[in-house]
Number of protein chains: 2
Amino acid sequence: MSDVPTSWYNVLPDLGFELPPDLPSPRADTTGLKLQIPPTLLRQELDRRRLLPVPPEVLQRYRQWRPTPLRRALAFEHALGTNCRLYYKYEGGNLSGSHKLNTAIAQAFYYQRVGATCLTVGTGAGQWGTAVAAACAMFGMRCRVYMVRSSYEAKPGRRTLMQALGASVIPSPSQRTEVGRLALRESPQTGGSLSIALAEALADTGEPGVHFCTGSGETYSLLHQTVAGLEAQEQMAALADPPDVVVGSLGGGSNFGGLALPFLGTMLRGGREVRCVSVEPSACPKLTRGRYAYDFTDASGLTPLQKMYTLGHTFSPPAMHAGGLRYHATAKLISALYHHKLIEAAAYPQRAVFASGLSFARCEGIVPAPESAHAVHGAAVEALAADRRNQRRSILIGVSGHGMFDMAAYQSYLDTTMTDATLSEQDIARSLARLPEQPATRSLDSAPSR
Amino acid sequence: MSDVPTSWYNVLPDLGFELPPDLPSPRADTTGLKLQIPPTLLRQELDRRRLLPVPPEVLQRYRQWRPTPLRRALAFEHALGTNCRLYYKYEGGNLSGSHKLNTAIAQAFYYQRVGATCLTVGTGAGQWGTAVAAACAMFGMRCRVYMVRSSYEAKPGRRTLMQALGASVIPSPSQRTEVGRLALRESPQTGGSLSIALAEALADTGEPGVHFCTGSGETYSLLHQTVAGLEAQEQMAALADPPDVVVGSLGGGSNFGGLALPFLGTMLRGGREVRCVSVEPSACPKLTRGRYAYDFTDASGLTPLQKMYTLGHTFSPPAMHAGGLRYHATAKLISALYHHKLIEAAAYPQRAVFASGLSFARCEGIVPAPESAHAVHGAAVEALAADRRNQRRSILIGVSGHGMFDMAAYQSYLDTTMTDATLSEQDIARSLARLPEQPATRSLDSAPSR
């Protein structure tokens, strides 16, 4: 098997266009937020080099579980009855249970280098919190996780896992911060929200050495995630069967980007053609039904504006089990790629997704996380469509995480109590109507590049 | 990385002594049980070849997740402050979450070859049931799992996982079998027991094609598990650092045997010296405080007698979180090795075990199952003892499974509500007094061979 890549892949110099610039929030001064982030991470978003070296301290940690397996899903192919070849890259074999550890470790390293001794983080379903808790444990840093209270109560296993890793886990809203106390005064029984949890984590950075660790959807996060796609490229080359199609689930964009960008970059530099297909839930269809516009990256409206495909920062998706795909928008980089028609998008309802996820589990011996099951389903659809055209495609599926903490979701599918949420045109229009006023920028992004 | 071994390793021809023969139960006719087991499996216990080929159909399945990783635990070494080199072989990366899938797949294959279309199985904590459910899913067979009712209620995640794999999961005692109905009549609120669950699974084999799949501690199970030890041998040879000490947790014996036997065999054939150290809980100390005697393999007393280190088939260990290590005895092969002083044993209380497990999790990014945490702790003790003697040892740890479904146990350690169960001499003496009458056999096993 190949070794772990020693550089991350930076797609920006291969794009042939610039990303629309971020703009300051019209509602708040976000300088404080910027100051929390290590300059190296901010510079990585502007770097023009194609390959950025992975620091040895990060590489050493990657080697604890990387390279991750790339396997052919022979039994799943057989169950589908397809003539296509399906491969999957499995990122769920590390402690955090998902790809998120790839960037959490890199971020923890850079934060430590600027003197951080403790990271604060907001988490919803708990995967980002777990990844940062694991990374802090590895680097001997403390970690405070503000976990949305409803998740804190519904997912005791996730909470214990973070505590086992040495993190303090605080149900949010809490009494520890002004924003938390305010939320509790307004609604003492509230289950909380990711937006409040993030605000509390940001507020709880008064002591020296305590930094807020933003999130998993930044452009530098996508950079760090390319370790998965680079490995997959080498692994599929070794099998002499590079993919015709790469399929990944799409939430904030780091999983899909990490897998797809290296393949896309090879094509942009004149190499092998590849179709990169992102899969989102019908209940949160930011690419397929959203708008390419400047929007806030969180519900509070206090963050800088980024140009993204968005359903509006006030969009609240209907109840759905893939917590990691509930984000109202997707990364500005992924958004720009979609706008320039360099990647594709598909949206599927969750019962179809869980049916494919279960079939995959029974065939391949891995229960995919509900998020990852979207990619499995999208790949199955691609394979059957190729069969109808008599094309024998090589298809790569990103299985970003395991579903061991998602048994309640699988149970609801098995019990047939799971429903497919539907979104009317009005639901989406109502939320899009609350987009911030669009700035009059020079249109850097109007002309698709091919 | 090395490929998957294409043969299992059979230690029997290298032993230089015979295992004491099994004897029929003085209380029951066990012919029916034998008839359920495929002849190939029974022959594997008598085979004199050193290497038995893995059938291609099994090998293909192994390749879905094997070879499993062998990694150096550098951060854990650092945390311990040891000069020893610690490596771990991780078997928790497959769907069943433990090593048990190695033999479940082989058994499912052989059962299918004799015409089985459905396997029934009894499970306590759920790991064996999950492994057989996964194996049945892979071979397109049905699976009925009788799960001890108290576990069924306490571990909904485990139950859903088996159902997700297509198995029917029945809380035991059930109304489906005579033995279940009897148990419910006697005690309608009973939480059940593994013994009753096994008896129900055995009874529920009336229809054609339905077979009872015995368990994970048979000598043929240990044979199948050697796939892990053989891989580890090759992986450590590739690192030019073969182990001085191999440490594994000991329940029924298949995890410890699978890892240790290939190394032990090399030594028995005149190769490199190795110490194989099995680690058991203080609460169930069959090797360190039990007796080498003929005993029943289950609590019902209806199975054939095997010569084993045992605490007595009526022994009920105090409450403890490593469900997989609660068995009253250990495999007859492991027992004979201990009797002949070819392996060592140590017993530790669970709080010390969880402390090491947590430290390992924080350092290495894998939360070990409580069972596996015993091996981690045993290896830490070995390393620190070697340091005191100024010996820089290479130590291999068997991490047999992950702890994702054991968060409640870790929570009780973090909450400091966990206690160390103690066993008095009387507790053990009382149970040993109920051993069956010992047969007068020719003493095949009295003289240690070195």
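# Two domains, two chains

Guide: Domain 1 of chain A and domain 2 of chain A bury about 3,500 Å² between them, with carbon and sulfur atoms making up 64% of that. Everything here comes from a predicted model, where local features need pLDDT of at least 70, side-chain atom pairs count only at pLDDT 80 or more, and totals for chains, interfaces and linings use all residues. Residues are numbered from 1 along each chain as its sequence is written, chains are lettered from A and ligands numbered from 1 in written order, and side-chain values use heavy atoms, without hydrogens and water.

Visitor: Where do the bounds of the two domains of chain A fall, and how far apart are their C-alpha centres?

Guide: Domain 1 of chain A is 7–26 + 39–58 + 100–212, and domain 2 is 67–96 + 219–432; such bounds come from an automatic or database domain assignment. The C-alpha centres of the two domains of chain A lie 22 Å apart. Counting contacts (heavy atoms within 4.5 Å), domain 1 of chain A gives 38 residues and domain 2 of chain A gives 39.

Visitor: Why is the pair Asp14(A) and Arg269(A) called a salt bridge?

Guide: The rule asks for a side-chain nitrogen of Lys or Arg within 4 Å of a carboxyl oxygen of Asp or Glu. For Asp14(A) and Arg269(A) the closest N and O atoms are 2.8 Å apart, so the pair qualifies. The count between domain 1 and domain 2 of chain A is 2 salt bridges, and 15 residue pairs there are in polar contact, both residues at pLDDT 80 or more. A polar contact is a pair of N or O atoms within 3.5 Å; within protein, one must be able to donate a hydrogen and the other to accept it, and residues adjacent in sequence count only if both atoms are side-chain atoms.

Visitor: Which element gives the largest share of the side of domain 1 of chain A that touches domain 2 of chain A?

Guide: That's α5(A), with 6 residues. Elements are DSSP runs numbered from the N terminus: helices (H or I, at least four residues) and strands (E, at least two). By class, that side of domain 1 of chain A has 21 nonpolar, 10 polar and 7 charged residues.

Visitor: How do you know that chain B and chain A are related by a two-fold axis?

Guide: Chain B can be laid on chain A with an RMSD of 0.0 Å by a turn of 180 degrees and a shift of 0.0 Å along the axis. That's the relation of a two-fold axis. The superposition is by least squares on C-alpha atoms of residues with pLDDT of at least 70 in both copies.

Visitor: What makes you say the copies meet through the same surface?

Guide: 100% of the interface residues of chain B are also interface residues in chain A, so the surface is the same. The contact takes 36 residues from chain B and 36 from chain A. Together the chains bury about 2,900 Å², 59% of it on carbon and sulfur atoms. In chain B, Gln64(B), Arg362(B) and Met404(B) lose the most area to chain A, together 20% of what that side buries.

Visitor: How many salt bridges and polar contacts are there between chain B and chain A?

Guide: The salt-bridge count between chain B and chain A is 0, while 14 residue pairs are in polar contact (both at pLDDT 80 or more). Elements giving two or more residues to the side of chain B that touches chain A include α6 (127–139) and α15 (350–364) of chain B.

Visitor: Why does the salt bridge of Arg50(B) and Asp14(B) tie together separate parts of chain B?

Guide: The side chains of Arg50(B) and Asp14(B) meet at 2.5 Å, N to O. Arg50(B) lies in the loop between α2 and β2 of chain B and Asp14(B) in the loop between β1 and α1 of chain B, so the pair ties together parts 36 residues apart in sequence. Over all chains the rule gives 45 salt bridges.

Visitor: Which peptide bonds are cis?

Guide: Among them are Ser172(A) to Pro173(A), with omega near 5 degrees, and Arg66(B) to Pro67(B), with omega about 0 degrees. Pro173(A) is in the loop between β7 and α9 of chain A, and Pro67(B) is in the loop between α3 and β3 of chain B.

Conventions. Buried area = accessible area lost by both parts, 1.4 Å probe. Nonpolar A, V, L, I, M, F, W, Y, C, P; charged D, E, K, R; others polar.
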